[in-house]
Amino acid sequence: MAGNLRPQVARSSHSTSNSSNATKPQQPATLAKRLLFPNLPPGLDLPPLFASPSCSPELNAEAYDFIALALRAFVNTWWTKITRYDKEFLPEITTILTNVSRTLETRLLSTDFSPLIFSVVPALITQHYRDYRHAASKVCTSYAMGGAVPLPHLFHQLQPHVAVSAEGRIDEEYFRQAFDHVLKLCLPPQDYAPEAERYMIREIILKVVVKDIMPRVTQPWFIQKTILDLLGPSLDAQSDKPADALPPSHTHPAHFSFHSLLVFFLSAMQSVSGIGLALIRTYKQTLSTIKLVNQPTHPAINHRPASEPSRTTPQTTSPVRSARSVSLSSSAYASAASSTISLRGGTPPRHPSKSSPNSFRHYAREPLTMISELFAMRERFATSAAMHMLCMVCAAMTSFMDRLLTHVLYTRILSASSILFILRLSKHTLFPNGSPGPSPVDPTPEEQITIRQQLLRRLREQVPALVAPVLLGPSPERMLEEVINPLGDAACNMHLAVFIVDALLLSIFPEMGVEGSGGNSDLEILERLDDDGGDWGPEMVVNRTTSTMAP
């Protein structure tokens, strides 16, 4: 009888486990799995979007979520009106986006952005400030016909560009051809050949970049609001609290006692110990950073041998399979400064850089020159002497400063955590409730004046009162106004934005650059970048060659 009971008990336990598994709730499929991979089995994870094995699963999931939200908001809304039964359109777009993202990933990982961030962009900003102040000084003179010629026209004469007019209007055909070249290098041949598909993707990118992003980010109030947000809340925010929130003050005179003396002694000991611990932590972190910086190679940068010439990708080969390692040469940045974009499929091979891989790049030179130009430090003896001393110190540690700035760039700015934070912030900003949020309203002229005044007040708070007359001159408020004035004209800011976009495109796609009228401009830029002698001005980079467009 006992033997008959054992199978029944086992059978009952097995049925109980089956019923518990059946009643166990299953996790719902994510939006990306339902829209982008409808045929994927429920138990499988999403395929990797990026080709790098070091990509974190969080970044892969956030990227798929962002793509799904964008396609549902901007594509699925009109596609379902055409047909409600075709569910393969969004997965096909996802496949194309995967190929493009992997091609861009290969190029981004093989590109060193240190010269772009520390040399080209500071040089362009420095030249922008110099040309703006030069043009502003001619507004009411005979150079401007007694004031008849406005400031943007004078600035456009100093920085002409084929893609932007004197009024700040962008030539869409310039960027349309540039983006078409980018798509040719990123899309597989079978996806680039159909004109309808290529034109659709190209016009979407053109609208987002040229019509939505660039006109907005070049507005003076947008730049001032961005700087204001980066500076954080004002130091006077505590003064705006009501009187009830403040701690009660003792009006009666303090009496000497042993208890108060003991409290003062212990508080002093706590402060001293806190300062000591902070110094020890800073010392250890400094030693750790120096050890990391002095490593022979940086793991995040994939350099190509200098002897290998730069080649263009053949039109008959898929860029996904033949994604080459992009060589970083200063000739690309010379072409970026001259704003020459090639509209042809192939360009003649470039000459490799003659400098050795261990040569100094002087990454600290252009940022210091930019700071000196922003605050007009050469006009005052104290700031000029301080800047010269700082330049001498950086020149004495050129090799270490180059490695340090590169280390900071790839560990603090272009790190995986920073990219993940930017992706999440973009998703929550563009799709606050899972759908596109309302378009932000531009501030009124009165609100723009308020933003400018707040920025001036916050910048004034960042400078200590004791050193403000030395660093900013006898009138710090006037000096700060001169710092933000060159960014106060949208038409002039558009020139700077176009030059930066050119430099970014030529950093990732150097085969898009062509030689200008100055045939030796690339060699001149190489000599100036490799020359550790006297300082050289960014005006030697910008407008060195004539702005042309290849037929």
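Ser507 is buried, with a relative accessible area of 4%. Buried means under 20% relative accessible area, while exposed means over 50% and partly exposed lies in between (1.4 Å probe, protein chains only). Ser507 sits in helix H21, residues 490-508. Helices here are DSSP runs of H or I with at least four residues, numbered from the N terminus. The Ser507 side chain reaches the backbone oxygen of Ala503 at 2.7 Å.

This is a predicted model, where local features need pLDDT of at least 70, side-chain atom pairs count only at pLDDT 80 or more, and totals for chains, interfaces and linings use all residues. Residues are numbered from 1 along each chain as its sequence is written, and side-chain values use heavy atoms, with hydrogens and water left out.

Now turn to Lys427 in helix H17, residues 416-430. Is Lys427 buried or exposed? Lys427 is buried, at a relative accessible area of 9%. Its side chain makes a polar contact with the side chain of Glu62, at 2.8 Å. A polar contact is a pair of N or O atoms within 3.5 Å; within protein, one must be able to donate a hydrogen and the other to accept it, and residues adjacent in sequence count only if both atoms are side-chain atoms. Leaving aside residues up to four places away in sequence, Lys427 touches Glu62, Asp65, Phe66, Leu69 and Pro432. Contact here means heavy atoms within 4.5 Å.

Next comes helix packing. Two packed helices are described by the angle between their axes and the distance between the axes. The axes of H3 (residues 57-74) and H17 come within 10 Å and cross at roughly 25°. That makes H3 roughly parallel to H17. Angles under 35 degrees count as roughly parallel, over 145 as roughly antiparallel, 65 to 115 as roughly perpendicular, and the rest as oblique. On the H3 side, the contact includes Glu62, Asp65, Phe66 and Leu69. On the H17 side, Lys427 is one of the residues involved.

A second pair is H6 (residues 114-136) and H14 (residues 365-374). Their axes come within 8 Å and cross at roughly 20°. H6 and H14 are therefore roughly parallel to each other. Among the residues that meet are Phe118 and Tyr129 in H6, and Met370 and Leu374 in H14.

Last, look at H5, residues 89-109. H5 has 21 residues and reaches 30 Å from its first C-alpha to its last, close to the 30 Å expected at 1.5 Å a residue. Its buried residues include Leu90, Ile93, Glu105 and Arg107.

Methods: Helix = DSSP H or I, 4+ residues; strand = E, 2+ residues; numbered from the N terminus. Expected span 1.5 Å × (residues − 1). Axes fitted to C-alpha atoms, helices over the stretch in contact; angles between N-to-C directions.
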